[in-house]
Each structure stands twice: as C-alpha cells, then as structure tokens.
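Dear colleague,

I am handing over the structure below, together with some notes on what turned up when I went through it. Please keep it open beside you as you read.

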Amino acid sequence: MLKRMRGAGFFISIVGVLAVTLIICVCAFACNGGKIKFNAKYYFVCYRIADDAISASSLSGTVSSYGGAGYILNYKNSYYVTVSCYYTERDAQAVCDSLKKRDLDCSVLKTEITQFKLKGFSAQRNAQLYLGNLNTLDALSALAYDCANGLDTGEFTQSKAKEVVSAIKSGLNGLLAANPSNCFTEKLMRLCAECDDKQKGFLYSKDMRYLQIALTDTVINTVLN
C-alpha cells in the first residue's frame, strides 16, 4: 500500500546503528548558548485531525485496517492520526494523493526543526548529550522506515525485520544507559517497551511505521530541560 520512497540502498546496517549510539557530538550541528541547532524535516501522511485523544483513538483502528501506522501524534495541541511518515514533501504528497483516490480523507503534515531551546542549567550542561540523543533517534527512525519498506516489497523476511527491531532496541538501551535520569528517560523507556511489543508475533510494515513515528515523535516533542 505504501511505497518505498527514500531510495535504494538506504538500509542502515545493524553495526552502524549500534555505533550511532556512541556518538555524543556530531560536527554537523552546534550548540549556541541556550539553544541546540538541529535540522530535521518530517512529513506525516495523516488520516484526519481529531478533536481530542479519545476521538483520535477511535480513528486509529480505521487507519490500521488500511495498513497504516495508526499512531496518534500530538503536535501543537492537535491530534493527528498518522498513516505514514516520509523525509521529503514530494514523497508524502504522492502517497497522500494515492490514498485520496481510494476515498481516504488524507493530508500531509509538515514538521520542520531548526533548533531546540535548552531550558535551565541542567539542559545546558547536557547539551552535547541531548544533541547525540536527537541524532541517534533520528537515525533509528530511518532504520524503522527502511524496514517497513522492506516488508512491503518482500525484501525483508520476518527474521530480518526482527533483527532490525533488536538493533533499534539496542540503540535505545545505549541511550538509556547514558540518560538514566533526565527529560529523555521516560520516553526512551516507552520506546524500548514498544520494541518489545513489536518482537511478539508477526511483524507487518504498519508495525514498523508505528515505531518509526514513535521515534520521530520523541524527536519533535521532547522538551530539553
């Protein structure tokens, strides 16, 4: 249902992902006083904007039945029932247009990050650590995305997909060890639990898209304090 859109050969190796977790300072980004420079764009194909979490939850199952993620994204005080997430607007719009032809009421939500505010002395002290967290989460989300595409095309077997989930869990555990008590801790624990859940039973592409969006949600909505 959802096409591969990021290009052939993008698959991040398991060894590469584990190495990413060790990166604390990435030269491409810089810290400046009370802010962290971080550039990322995510384009979510959304089924509908819901009025509240309860109505969004009722729509989530509908999206899942069509093979979409069904993840509820709370962004700028609105609830979005997401189908999938892409890294360019053109890719997201192509999928959105395809779904509209099937009479699905879809739209594209563009999110763009250029910097994060560091709220308080503790956040400023942990600036490089937090920057490493954001980069690792972004890389892990891309790994989940590629796995979802591989499951759609048949390139990935169940065994290979489970290995990817294990690699993502290992990356998250690496972050958790480095962030035992800060603004990332609870979110990382929830993501680890999500990986455990995905390891049970048969893995579908929508499961990996759900995990991908959960990872990007953490990047978008974490308050650095």
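Predicted model: local features only at pLDDT ≥ 70, side-chain atom pairs only at ≥ 80, totals over all residues.

**The hairpin.** Strand 3 and strand 4 (residues 78-86) pair in the antiparallel sense, over five bridges. Two residues lie between these strands in their hairpin, where Lys-76 takes a positive phi near 55 degrees. In a regular strand, side chains alternate between the two faces of the sheet.

The largest pocket holds about 470 Å³ of space and is lined by 17 residues, of which Gln-115, Phe-116, Ile-220, Asn-221 and Thr-222 lie nearest its centre. Strand 3, strand 5 (107-117) and helix 8 (205-221) are the elements that give two or more residues to this lining, and the largest share, seven residues, comes from strand 5. By class, the lining of the largest pocket has six nonpolar, six polar and five charged residues.

The second largest pocket holds about 240 Å³ of space, and its lining includes Tyr-71 and Asn-74 as well as Lys-187, Arg-190, Tyr-210 and Asn-221. Strand 3, helix 7 (185-198) and helix 8 each supply at least two residues of that lining, with the largest share, five residues, coming from helix 8. The lining of the second largest pocket has four nonpolar, three polar and four charged residues.

**Helix 5.** With 27 residues (127-153) at 1.5 Å a residue, helix 5 should span 39 Å, and its end C-alpha atoms are 40 Å apart, which agrees. This helix is mostly covered, since 23 of its 27 residues are buried, and it is followed by Gly-154, whose phi is positive, near 85 degrees.

**The cysteines.** A search of the whole structure finds zero disulfides. For Cys-106, the nearest cysteine sulfur is that of Cys-96, 5.2 Å away, whereas for Cys-192 the nearest is that of Cys-195, 6.3 Å away. Cys-106 is buried, with a relative accessible area of 4%, and Cys-192 is buried as well, with a relative accessible area of 6%.

With best wishes

Technical notes:
Residues numbered from 1 in each chain as written. Heavy atoms only, no water. Helix = DSSP H or I, 4+ residues; strand = E, 2+ residues; numbered from the N terminus. Expected span 1.5 Å × (residues − 1). Buried < 20%, exposed > 50% of the residue type's maximum accessible area, 1.4 Å probe, protein only. Disulfide = S-S within 2.5 Å. Pairing = 2+ DSSP bridges. 1 Å grid on protein atoms, 1.4 Å probe; cavity = no way out; pocket = protein on both sides within 12 Å on 5 of 7 lines; lining within 4 Å. Points joined across faces, edges and corners; volume = space filled by probe spheres on them. Nonpolar A, V, L, I, M, F, W, Y, C, P; charged D, E, K, R; others polar.
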